[in-house]
Amino acid sequence: MKFAKYVSLFLTVMLLLSCKTTEQPQEEEPTTPEISIVGEPVQVDIEPVKKFDLFIDVDSLLYGMTLEEKIGQLFIVPAYGRFNNSRTPEVLRLKRLIRDYHIGGLIFFQGDVYGQGVLHNQLQQVSDIPLWITQDMEFGAAMRVAGTTRFTPAMGIAATGDPRNAYIKGQITAREAKALGVHQVFAPVLDVNNNPENPVINVRSFSADPSIVSEYAIRFMEGMQHEGVMATGKHFPGHGDTDTDSHLALPTIAHDFARLASLELIPFRNAIDSGLQSVMSAHINFPNISTGVGLPGTLDPSIVQGILIDSLRFDGLIVTDGLEMQGITNHYSPGEAVIMSILAGVDLMLISPDEMTAIQELKTAVEIGRISEERIDYSVRKILKLKNEAGLFENRFLDVEALSHSVNTPEYQAEANRIARESVTVLKDSGNILPVRSSTVNQVLVVSVSDSDGHSSANILANEVRRYHPNVRHHELNNRTTDDEISRILQDANRADLILIGSFIMVRSHHPIQMPQRQLNVLRQLTALNKPSALLAFGNPYVVRDLPETDLHLLAWSSAANQVQQTVPALFGAAPVNGRFPGEVPGMYGIGDGLSFEQSAIRFDVPESVGMITDSLLHIDMIMQKAIDDSVFPGGVVGVMRKGSLVWQRGYGYHDYNKTRAVMHTDIYDLASVTKIMATTTAIMKLADEGKLSIDDPVSKYIPEFNTTDKREITIRHFLLHTSGLPAFRIYVDVMRTRDELLNAVRNEPLINKPGEQYVYSDLGYILLGEIIEVVSGKRLDRYVREELFGPLGMRATWFNPETAGGNIANRIPATEIDTVYGRGLVHRRVHDERAYYMDGIAGHAGLFSSVQDMARYAFMLMNGGSYTGRQYLSPEIIDFFTRHQSPVNQRALGFDRKSEGFSTAGELTGPRSFGHTGFTGTSFWVDPDAEIAIILLTNRTFPNRSYGANISRVRAAVADAVMNSITD
């Protein structure tokens, strides 16, 4: 029967019965729901829920359907959303079921975005009545559809302590479901996971507390149903307190109704009262409730009709759990399972193992009077009404072309990542392991444990740890691990300073949830070594029972790649930790347990995670490419850190104009005068903070040559503000080529102005500041900043004289000039500035080399009140004092430049409190504390000679404005 038949019949019946037409809904003003990005709401460009003008009279439609057509509407059959040729047996079978057996809908299993979209449209085309499309999306659409947004499981959502996250998860999942043509999602799980031995629910449940389950499940449901997608609460009347997997056998729960009402039914009752539209039944036997013997709840009228419909007054759509599960198939034929489900009060039959047989047996049951046709009509009417309300009779097809911009958007993924980070829960840190510091933990061993032949996220864990630590060894411990490999694991463990055990013991059907004994024996040998150790539970949180002796217990809820990536930063202080355990581990941990840690180090992340737009930041690519094309510089690196995250670090161009070696984002550049702030000014700040000097000390206190009439009044403050009266520079190196000669010349250089009266940007004052640091600290400048600042900060690429730091450092440095004036030739891996060059490469005004990552660490420390990974380097007061306006004659701070009026290399859009510095070689470093952002540009614009790069200031400003333009909050 074709759809045209139904339309014709509908019009005829309407005329004969003089029925009133369905009132059309009023047009609503389109709205754009808010999606919160990092805690602050922004508008996301998304189509509003569509209202339909065309409605079918369901009773008229139902009146004209045959019994076979009605029965078919009750069945949901499985389909896989991956590409298949239209003539493959799988597709042909689906088309036959739809065409000949009038199947009412589909449940899509694993697939991909386009595969599911195309198959969806093909199968909708075959069906006379639009298909009702369903899908499991407990963890987001990515639970089934590759290429969509994956979210933390329910227990991880509750661990965040923020019900808003459940709403956002439901909302984004619904948006992607709609884009994929899905009308009903089988989530949220309303089970209370009060049994740690549960092999099937586990982290799929929000909590062991029914009130927490209720709160988070309802918020998820509201987010989903706000977007016009049906949410389904499951598994009624509760699957949490069982140690049997209903996929494998029929579980039995001996609780009576009073017990269910006091615990398991609470989330269902609350969700139903809040507007839940659908409930899925559980294949569990309740002998102290059921009037039948050994009946699964799905087939039991005492459960479905007696409790769900009568007691809880639920009148929405009731769906079976999968009828192919062995809790059903071990005891009932396909037809009998369907017949008994309908008699129990269920509407929709999910995944019958033999749809054709079940349909025929159900038809026979109606014909012999075992089931009335009115009972069939009751459920079919519900289904048709839902299809009608969803607008499927007007348009049942999805827009395949729109999928590329409506699924897994950067904003959606940023939200999923944020929630994953917020879900991380630390239950124990008895060894004060967190945060892990590379300066004190030299060697890390990562052991990835799984209960299979390996896990895809094992290497992701190791690689993510390597982003934060330079010395990491990794081994997998799984069912294929040999005895020789185990020996190597133990050898590396003996050399390690920290052992990280990543547990990928999964919660999945047909598998146990305990750690295999062989793997456990090896891990116990590791923990017996008396080395600091951490257990990271990616998935099943209850594995902490297997390794109670580890110093740190961290719960991460899922082994998905994004969850692993968002968990590792917590180990290194790169993300705050505030998760609280929503479950219970008897004798160890209870509901609400968890430790808190502040973010204390930079995180590597994406722009959307901090309220920026990648699309806008891509303008930097064009700015840098044009500068390279115009020979402003052969190449460079741009870095952007905002709100504690390094979200942009990209290399452009080449090391030189031969264009044989591309710039990498990890390359190291000569900072030139940025040395003045990162090394010299910061060292002065630290010494002043410690009371070892005052910026108002006379320079003569440390440099006797200044104890003269004209220089006696010069203070350290004058040097920092460039108001000492010294000239900008003197060449010196045309006749002097030793450190002692140059220092003696600078100490005795005549003044050109009276101290404090005029601003003259001077390298000479900073050369002397470097010497003052040595006098006060007893260490040369390079050693002092290495030992007191850069080393502990983990700035492994920041050096004076980097050629002495080893090949890993030296080989990442582009040349800065071919010197034909002072006979230095190719200036490569040594400081570009001539005076610093002949001062053994160590001077207060120039000589420091660094990378974007290290400069971002330095910026984080400044913006974090002087603290990094929990260690205080500078006081917040000294940072504020040095970076605010201090000069009586211009806008400068102490040592730091500040954004000037008119043109500024900080761009037009940075705030007036911005501070930083530039370097002659084509570098710049700017911090806008109000926007919580640092903008870093590293180039070698002086190559092959300093006549190049005349427009570098304009490039600096353009990059800064492109960065600021990308901010959305």
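Predicted model: local features only at pLDDT ≥ 70, side-chain atom pairs only at ≥ 80, totals over all residues.
1. Helix 19 passes helix 20 in a right-handed crossing, and the contact is made by Asp483, Ile486, Ile489, Leu490 and Ala493 on the side of helix 19, together with Arg518, Val522, Gln525 and Leu526 on the side of helix 20.

2. The protein contains 33 helices and 31 strands, and its C-alpha atoms fill a box of roughly 120 × 65 × 45 Å when taken along the principal axes. Of its 969 residues, 62% count as buried. Among the contacts with a separation of 6 or more, residues 24 or more positions apart account for 74%.

3. A further helix pair is formed by helix 4 (residues 89-101) and helix 14 (residues 355-367), whose axes come within 12 Å and cross at roughly 15°. That angle makes helix 4 roughly parallel to helix 14, and the crossing of helix 4 and helix 14 is right-handed. Here Arg93, Leu97 and Tyr101 in helix 4 meet Glu355, Met356 and Ile359 in helix 14. The residues of this contact comprise four nonpolar, no polar and two charged.

4. Strand 20, which covers residues 645-653, is mostly covered, with seven of its nine residues buried. Strand 20 runs antiparallel to strand 19 (residues 635-642), and eight bridges join the two; within this pairing, Val638 has Arg650 in strand 20 as its bridge partner. Strand 19 and strand 20 form a hairpin with two residues between them, and Lys643 in the turn has a positive phi of about 50°. Strand 20 also pairs with strand 18 (residues 603-604), in this case in the parallel sense and over two bridges, with Arg603 standing opposite Ser645 in strand 20.

5. Strand 22 is joined to strand 25 (residues 848-850) by two bridges, the two strands running antiparallel, and Phe800 stands opposite Leu848 in strand 25.

6. Leu874 is found in the loop between strand 27 (871-872) and helix 32 (876-883). Is this residue buried or exposed? Leu874 has a relative accessible area of 0% and is therefore buried, the cut-off being under 20%. Leaving out residues up to four places away in sequence, Leu874 touches Thr682, Met685, Lys686, Asp689, Met861, Leu862, Gly865, Gly866 and Ile879. One of these, Asp689, is 185 residues apart from Leu874 along the chain, yet the C-alpha atoms of the two are separated by 6.8 Å.

7. Arg835 has its place in helix 30 (residues 834-837), and at 7% relative accessibility this arginine counts as buried. Which residues is Arg835 in contact with, once its neighbours within four places in sequence are left aside? They are Phe729, Arg730, Ile731, Tyr732, Val733, Leu742 and His845. Arg835 and Leu434, by contrast, are 401 residues apart in sequence and lie 44 Å apart in space, C-alpha to C-alpha.

Key: Residues numbered from 1 in each chain as written. Heavy atoms only, no water. Axes fitted to C-alpha atoms, helices over the stretch in contact; angles between N-to-C directions. Helix = DSSP H or I, 4+ residues; strand = E, 2+ residues; numbered from the N terminus. Parallel < 35°, antiparallel > 145°, perpendicular 65-115°, else oblique. Left-handed = near helix turned anticlockwise from the far one by under 90°. Contact = heavy atoms within 4.5 Å. Nonpolar A, V, L, I, M, F, W, Y, C, P; charged D, E, K, R; others polar. Buried < 20%, exposed > 50% of the residue type's maximum accessible area, 1.4 Å probe, protein only. Pairing = 2+ DSSP bridges.
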